Protein chains: 2
Amino acid sequence: MSERYELLYWPSIQGRGEFVRLSLEEGGADYVDVARQSGGMKALRGMLESGDGGLMPYAPPILRHGDLVIAQTANILMYLGPRLSLVPDDEKSRLGAHQLELTITDLVKEAHDTHHPVGSSLYYEDQKPEAKRYTRQFVHHRLPKYLGYFERVLEQNRDSGGNHLVGSGPSYVDLSMFQVMVGLDYAFPKAMKKLASRTKRLRALAGRVAERPRIAAYLDSDRRLPFNEDGIFRRYAELDIEPAD
Amino acid sequence: MSERYELLYWPSIQGRGEFVRLSLEEGGADYVDVARQSGGMKALRGMLESGDGGLMPYAPPILRHGDLVIAQTANILMYLGPRLSLVPDDEKSRLGAHQLELTITDLVKEAHDTHHPVGSSLYYEDQKPEAKRYTRQFVHHRLPKYLGYFERVLEQNRDSGGNHLVGSGPSYVDLSMFQVMVGLDYAFPKAMKKLASRTKRLRALAGRVAERPRIAAYLDSDRRLPFNEDGIFRRYAELDIEPAD
């Protein structure tokens, strides 16, 4: 298919849509970010109610391509990967890439829950004590465990000299990991600084992704929304705590 | 490949491994539940540390098949689906099946978090007030929203007369939905009773899955572990609350 890709996602946050945006940008795809166009929010809401030609999605991001309507971030990236040359060709690598992306999805959910541990139907302001407690266990236990895991995956991927998470070249998983690292740096600068010596390969990976010409151009454009306190990664002084030594 | 499937998962709970077990059983697969064999826990722990022939997994369940090592429940089911004839052949249906399975994954995570809203590194007993608050929003908002969504997916899937979530016949998504329904019935009997009139198609689906000969035989065997208070779906009297009218 050579139809234009249409991304349907909330227009004012990076959120989960950003993982899709990064792949579309790096892949040089012809795409439109529908809800950021005039009338686009109406299209997004309509899609959530109807399914419009495919399975009705539960939530954005949603990718429309030809007559396909695909939801769930990792599912979208699995679809885009081969089409944008952002994943190796063999089944083993593709299953591995998707496995890593789903583990990134789990980490992103927990990062989100630091400010919404009780539920998304309540404001952060209505769950601050719980957020503080959740964040303590996240920063002390979960964050080092997840980042330690991805650091080891890089180390063990000898095909790439430790430079890529899957295969011997850049993939959508590297792009997603970049987004996680910059998001965590935004939300938890103290913890990320303290973890720097244990995340050297991840830091180097994020730095290399940021310097890829298409990503650098994108990050520099107004298509890249800034982080803010409506997204997944939020900076709240009271949650910016240090992990234990 | 005709090699035997090896499932690596905790031997004393249904947990996320149960979604894989149900597909292996319905598909009539030749498989071994490694950790339930003598010495199996050692194999499971070894796998978590080494990756043994594939990408090191972050967590179980893990499926080993030939030289493939696959982790993340939905990823495993996506791999098994075509091999066990538990998903339609076309790309659109397969993407749709995986999308639904990932939404089931999200619901399962939230059901788990009702008893562990602060974190898995703490006991339930150490997060009871937070669990009560999380469960209130889960039962009042999230549970009706998720089940209403899946009920509508059934209704809109006219290929199957509203009898299956994907395509015109049973798939791994139907099996997973069965597991979610019986798990929720175990954990939240009051809420599920109250939601019965709004989940008629889902209830009928779960009933039909339970009566499929291979599933019925499995449920009746000692391979099916009972629900307990170490798994995802737990029955705690204080969390068994009713949703709002």
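Where is the place of Pro61(B)? In this predicted model, Pro61(B) sits in the loop between α2 (40-50) and β3 (62-65) of chain B. Pro61(A) lies in the loop between α2 (40-50) and β3 (62-65) of chain A.

Two further backbone features were found in loops of chain B. Gln72(B) is not a glycine, yet its phi is positive, near 80 degrees. This residue belongs to the loop between β4 and α3 of chain B. Gln72(B) counts as buried because 27 C-beta neighbours fall inside 10 Å, and the cut-off for burial is 20 or more. Ser85(B) likewise has a positive phi without being a glycine, at about 55 degrees. Ser85(B) is placed in the loop between α3 and α4 of chain B. With 15 other C-beta atoms within 10 Å, Ser85(B) is partly exposed.

The contact between the chains was examined next. On chain B, 35 residues are in contact with 35 residues of chain A. Four elements of chain B each supply at least two residues of the side that touches chain A: β4 (68-71), α3 (73-83), α4 (91-113) and α5 (128-156). The most comes from α5(B), which gives 10 residues. By class, the side of chain B that touches chain A has 16 nonpolar, 13 polar and 6 charged residues.

His141(B) lies in helix α5 of chain B. Neighbours within four places in sequence aside, His141(B) is in contact with Gly119(A) and Ser121(A). His141(B) is partly exposed, as 16 other C-beta atoms lie within 10 Å. In space, His141(B) and Ala244(B) are 9.0 Å apart, C-alpha to C-alpha. In sequence, 103 residues separate the two.

Helix α6 was considered in both chains. In chain B, helix α6 (residues 172-187) has 16 residues. At 1.5 Å a residue, this helix should span 22 Å. Of the 16 residues of α6(B), 13 are buried, and the helix is mostly covered.

In chain A, the packing of α6 against two other helices was computed. The axes of helix α1 (residues 17-26) and helix α6 (residues 172-187) of chain A come within 9 Å. They cross at roughly 130 degrees, and α1(A) and α6(A) are therefore oblique to each other. The crossing of α1(A) past α6(A) is right-handed. From α1(A), the contact involves Glu18(A), Phe19(A), Leu22(A), Ser23(A) and Glu26(A). These meet Tyr172(A), Leu175(A), Ser176(A) and Gln179(A) in α6(A). The contact of α1(A) with α6(A) comprises 4 nonpolar, 3 polar and 2 charged residues.

The axes of α6(A) and helix α8 (residues 200-211) of chain A also come within 9 Å, and cross at roughly 110 degrees. That angle makes α6(A) roughly perpendicular to α8(A). Asp174(A), Leu175(A), Met177(A), Phe178(A), Met181(A) and Val182(A) represent α6(A) in this contact. Their partners in α8(A) are Leu202(A), Leu205(A), Ala206(A), Val209(A) and Ala210(A). The residues of the contact of α6(A) with α8(A) divide into 10 nonpolar, no polar and 1 charged.

Notes: Residues are numbered from 1 along each chain as its sequence is written. Chains are lettered from A and ligands numbered from 1 in the order in which they are written. This is a predicted model: local features need pLDDT of at least 70, side-chain atom pairs count only at pLDDT 80 or more; totals for chains, interfaces and linings use all residues. The expected span of a helix is 1.5 Å times one less than its number of residues. A residue is buried if 20 or more other C-beta atoms lie within 10 Å of its own, exposed if 12 or fewer, and partly exposed in between; C-beta atoms are placed from the backbone. Two residues are in contact if their C-beta atoms, placed from the backbone, lie within 7 Å. Ala, Val, Leu, Ile, Met, Phe, Trp, Tyr, Cys and Pro count as nonpolar, Asp, Glu, Lys and Arg as charged, and the others, Gly among them, as polar. Axes are lines fitted to C-alpha atoms, for helices over the stretch in contact, and angles run from 0 to 180 degrees between N-to-C directions. Angles under 35 degrees count as roughly parallel, over 145 as roughly antiparallel, 65 to 115 as roughly perpendicular and the rest as oblique. A crossing is left-handed if the near helix is turned anticlockwise from the far one by less than a right angle, and right-handed if clockwise.
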